[in-house]
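The stops below can be selected one after another.

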Amino acid sequence: MNFIEAIIQYDFLQKALITSVMVGIICGVIGCFIILRGMALMGDAISHAVLPGVAISYMFGINFFVGAVASGVLTAIAIGFVSQNSRLKNDTSIGIMFTSAFAAGIILITFMKSSTDLYHILFGNVLAVRPSDMWVTLGIGLLVISSVYLFYKELLVTSFDPTMADAYGLSTKVIHYLLMTMLTMVTVASLQTVGIVLVVAMLITPAATAYLLTDRLSVMIYLAASFGAIAAIIGLYFSFTYNLSSGATIVLVSTLMFIAVFLFSPKHGFVRKLIKSKRNATTIG
């Protein structure tokens with residue numbers, strides 16, 4: 001049975017495809033701001049910091065969304081507090097906080113009944129997505145995209161020129177924590193699809209691919225969302241067809257797309273730069 005026939009016939013595959021595409025889109029959108037602000041390490045930190053919240057939610061039988069968002073936001077606040085009230089730089093604070101949160105999450109996970117839950121949390125299993133997971137992802141996606149639309153100018157200015165944003169009276173701290181909250185929610189939405197370990201790749205890689213193709217943020221956002229969705233579809237195809245890990249396959253497809261753009265981008269591609277340098281050398285010679 002081919003992939004198209006399977007999608008038509010199996011309900012679980014339809015839910016997996018819809019959820020994967022939604023995750024690819026919202027990761028691409030938020031990833032653009034993470035890339036522009038040089039916050040890739042923060043994305044990694046938040047993705048790992050949600051683990052204790054997820055573990056506590058599972059232990060008490062409540063929706064993991066609540067615990068994960070609370071854990072991620074609290075970690076982001078703790079990182080900011082430590083870096084602002086000590087001699088430590090931001091990356092050091094991030095390293096301390098996210099590793100300790102991740103370690104606490106692993107300890108808590110050991111009290112859970114099934115080790116399979118840990119594997120799914122860490123690496124994702126989109127083929128086992130439930131209707132509730134799909135609706136949570138849809139809700140998060142609509143909220144995140146609406147927030148980006150409403151606060152686009154504020155996010156734009158604070159991403160490119162924080163000093164000018166302060167001069168205009170914009171609260172860069174409020175915008176920062178708004179972005180951290182959205183990042184946490186996107187991470188939660190991605191748990192079932194790619195898992196905690198791989199979510200940072202979906203946040204960074206599609207946006208980085210788009211960044212190599214355009215200098216305009218609006219175009220970058222659309223491209224990143226498209227790359228994320230395409231990676232999700234192709235990755236799910238290979239995952240289903242060859243019985244591979246869904247999260248890892250989606251991430252690898254996204255990486256291959258990045259490599260192709262890195263090499264052959266018409267403006268910033270490595271091959272173009274190589275040809276241009278050779279032409280310049282020939283002209284000088």
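**Before selecting.** This is a predicted model, in which local features need pLDDT of at least 70, side-chain atom pairs count only at pLDDT 80 or more, and totals for chains, interfaces and linings use all residues. Residues are numbered from 1 along each chain as its sequence is written, and side-chain values use heavy atoms, with hydrogens and water left out.

**Whole chain.** Show the protein chain as a cartoon: it has 15 helices and 0 strands. These are DSSP runs numbered from the N terminus (helices H or I, at least four residues; strands E, at least two). The radius of gyration, 20 Å, is close to the 19 Å of the globule rule for 285 residues, so the chain is as compact as a globular protein of that length. That radius is taken over C-alpha atoms, and the rule is 2.2 Å times the number of residues to the power 0.38. Along its principal axes the C-alpha trace spans about 70 × 60 × 35 Å. Of the 285 residues, 47% count as buried (under 20% relative accessible area, with a 1.4 Å probe and protein chains only).

**H3 and H5.** Select residues 40-49 (H3) and 64-84 (H5); they pack at about 135 degrees, with axes 8 Å apart. Axes are lines fitted to C-alpha atoms, for helices over the stretch in contact, and angles run from 0 to 180 degrees between N-to-C directions. Show side chains for Met42, Ala45, Ile46 and Ala49 of H3, and for Ser71, Gly72, Thr75, Ala76 and Ile79 of H5, which make the contact (heavy atoms within 4.5 Å). This set divides into 6 nonpolar, 3 polar and no charged residues. Nonpolar here covers Ala, Val, Leu, Ile, Met, Phe, Trp, Tyr, Cys and Pro; charged covers Asp, Glu, Lys and Arg; the others, Gly among them, are polar.

**H11 and H12.** Move to residues 172-190 (H11) and 195-211 (H12), which pack at about 120 degrees with axes 9 Å apart. Leu183, Val186, Thr187 and Ser190 in H11 meet Gly195, Val199 and Leu203 in H12. The contact holds 4 nonpolar, 3 polar and no charged residues.

**H4.** Select residues 51-60, where Leu51, Pro52, Gly53, Val54, Ala55 and Ser57 are buried. Gly61 follows H4 and has a positive phi, near 70 degrees.

**Ser239.** Finish in H13 (residues 217-242), where Ser239 lies. Is Ser239 buried or exposed? Ser239 counts as buried, at 2% relative accessibility. Leaving aside residues up to four places away in sequence, Ser239 touches Leu127, Leu244, Ser245, Ser246 and Thr249.

Conventions: Buried means under 20% relative accessible area, exposed over 50%, partly exposed in between (1.4 Å probe, protein chains only).
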